[in-house]
Amino acid sequence: MPEVYIHNGPLVIGAGLAGLSVALNTAPQPTLVLAPVALGVACSSAWAQGGIAAALSDQDSPAAHAEDTMVAGAGINDANATRLLTEMGPGVVHRLNDLGAPFDHNADGTFVLNREAAHGLARVARVGGDLAGKKILEAVVAKAKAAPHIDIWEGAIASGLIRSDADTVIGAVVELGGKVIEVFAPVVVLASGGSGGLYAVTTNPANLRGEGMAMAALAGAEIADPEFVQFHPTALKAGIDPAPLATEALRGEGATLITKDGYRFAFDDHPDGELAPRDIVARAVHRANLTLGGAYLDCREAIGAHFPHEFPTVFASCMAAGIDPRVEPIPVAPAAHYHMGGIRTDIDGHTSLRNLFAVGECASTGVHGANRLASNSLLEAAAFGERVGHAAARELVTFTPDTVNALRPVTPPRLTPEAVQTLRDGMAQHAGVIRDAEGLEHLIELIGNLELSFKGALPLVAARLIAECALQRRESRGSHYRQDFPATAPEGHRTFVRLKEGRLIQTEMNREIA
């Protein structure tokens with residue numbers, strides 16, 4: 001029998017920047033954080049290179065930042081969430097700086113700012129060149145470890161949500177140290193990260209396969225926009241899993257995308273060339289690898305000898321792969337990088353289920369639309385983490401759970417390594433940078449075949465959400481490109497679905513997805 005543990009405070013599932021930002025802002029309420037691995041290891045926050053986007057210069061404004069975010073999002077951003085995020089931006093960066101995150105500063109004390117794709121000007125605050133995620137998370141981890149109201153269980157993996165009725169979450173089933181523990185809590189916050197590990201080529205930790213979104217869906221929560229998966233244009237193409245990232249800041253500093261012959265192919269797709277929105281550049285790189293003999297990021301002139309100091313993470317990855325970026329172009333390919341879709345939430349993290357919040361990449365406020373603007377992810381994790389922490393603490397109620405009659409989730413099966421690889425290959429081939437109905441139908445059939453042996457496996461639930469909604473969206477918009485429907489519909493709409501008896505139901509239209 002599982003152990004029962006009753007926690008009278010917020011339960012936070014996930015310990016990246018979003019989860020720890022929540023926990024730091026629930027004080028003085030006792031807060032339990034579940035970290036599936038050691039703190040600061042194998043979470044996307046720690047691997048982020050570019051920095052945090054915010055209107056920090058005299059030439060910039062939150063309104064201009066919001067406008068760039070909306071343009072990149074291809075017409076379906078939630079305007080209120082976008083306005084709020086960009087208004088919070090400067091304050092969030094200053095608070096992280098005061099917390100100890102070692103942002104790069106100019107001699108006059110102002111922040112060093114990079115320009116990245118689809119930004120109208122330089123507004124990305126950086127740390128150690130390309131160490132933003134790692135160094136920011138180190139500061140936040142230190143603060144969380146020292147906080148008396150936070151208890152952290154490292155190595156704790158949640159596998160499902162416990163409910164008191166169909167619409168009310170009261171805890172989670174957790175595996176820790178070889179034991180199964182039913183953790184009951186008055187508030188549960190999912191901050192479990194994204195879904196890049198569903199793809200054969202990803203810049204994310206491979207263990208992140210949309211499990212948080214899947215757990216919420218299985219509990220009946222609404223899911224928003226799961227078809228929108230962002231592919232970073234410039235992952236190092238060297239057969240490494242996960243694929244090392246070559247940060248967009250390189251292109252912001254003047255690095256160019258070329259073929260072996262030196263042709264700058266990105267201008268074939270957009271007048272901004274290398275600094276066009278990520279979805280456009282990703283498709284250009286994909287096409288160059290397929291039809292032009294390969295895609296390369298040329299940093300020789302723009303960065304050159306300064307590479308080891310200015311971009312130490314990228315430099316180390318290249319050198320480990322036998323590539324010296326100071327003197328030779330870097331072979332690159334698109335890689336699954338960020339999931340705009342996820343558990344539907346409002347700006348305070350409320351989901352469609354009572355007492356369940358979500359934040360960070362597993363959530364979808366609509367702030368990113370169909371295509372996230374570069375370096376808005378760390379900002380969202382920290383900013384909305386603050387808001388969710390305050391809301392979760394504010395909304396705590398007296399908690400006396402009925403542990404006998406609680407609705408417990410079915411224990412999901414674990415995919416074998418062979419099944420994981422089959423799924424990752426299928427997702428990369430058929431739900432990647434370029435999609436069509438034939439490929440998506442084949443992918444859905446593949447998922448169905450895997451479900452015969454692994455029904456209810458969380459990665460399969462997440463993959464089905466992405467694939468079926470991608471098939472349903474018969475247009476191209478942002479990161480979702482259908483070669484059989486290349487045009488963008490005149491009016492944009494978001495996708496809202498939930499699971500019912502194993503089928504996806506489109507909630508706002510109240511009809512099943514074919």
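Buried here means under 20% relative accessible area. With that in hand, welcome to some close-up views of this predicted model.

**View A. Tyrosine 199 and phenylalanine 231, two buried aromatic residues.** A pair of aromatic rings is described by the distance of the centres and the angle of the planes. By the pairing rule, the count comes to five aromatic pairs. In the one shown here, the ring centres of tyrosine 199 and phenylalanine 231 are 5.4 Å apart and the planes stand at 85 degrees; the cut-off for edge-to-face is over 60, so this pair is edge-to-face. Tyrosine 199 sits in the loop between strand E11 (187–190) and helix H6 (211–218), while phenylalanine 231 belongs to strand E13 (residues 229–236), so the pair ties together parts that are 32 residues apart in sequence.

**View B. The aromatic cluster of Phe307, Phe311 and Phe315.** Take a look at phenylalanine 307 and phenylalanine 315: their pair is tilted, with 6.1 Å from centre to centre and 35 degrees between the planes. Both phenylalanine 307 and phenylalanine 315 are buried.

**View C. Arginine 344 over the face of phenylalanine 496.** Here arginine 344 lies 3.5 Å from the ring centre of phenylalanine 496.

**View D. Arginine 372 over the face of tyrosine 338.** In this view, arginine 372 lies at 4.4 Å from the ring centre of tyrosine 338.

**View E. Helix H11, residues 377–394.** From its first C-alpha to its last, this helix of 18 residues reaches 25 Å, close to the 26 Å expected at 1.5 Å a residue. H11 is also mostly covered, with 15 of its 18 residues buried.

Notes:
Residues are numbered from 1 along each chain as its sequence is written. This is a predicted model: local features need pLDDT of at least 70, side-chain atom pairs count only at pLDDT 80 or more; totals for chains, interfaces and linings use all residues. Side-chain values use heavy atoms; hydrogens and water are left out. Helices (H or I, at least four residues) and strands (E, at least two) are DSSP runs, numbered from the N terminus. The expected span of a helix is 1.5 Å times one less than its number of residues. Buried means under 20% relative accessible area, exposed over 50%, partly exposed in between (1.4 Å probe, protein chains only). Rings of Phe, Tyr and Trp (its six-membered ring) pair if their centres lie within 6.5 Å; planes under 30 degrees apart count as stacked, over 60 as edge-to-face and the rest as tilted. A charge sits over a ring if NZ of Lys or CZ of Arg is within 6 Å of the ring centre and within 35 degrees of the ring normal.
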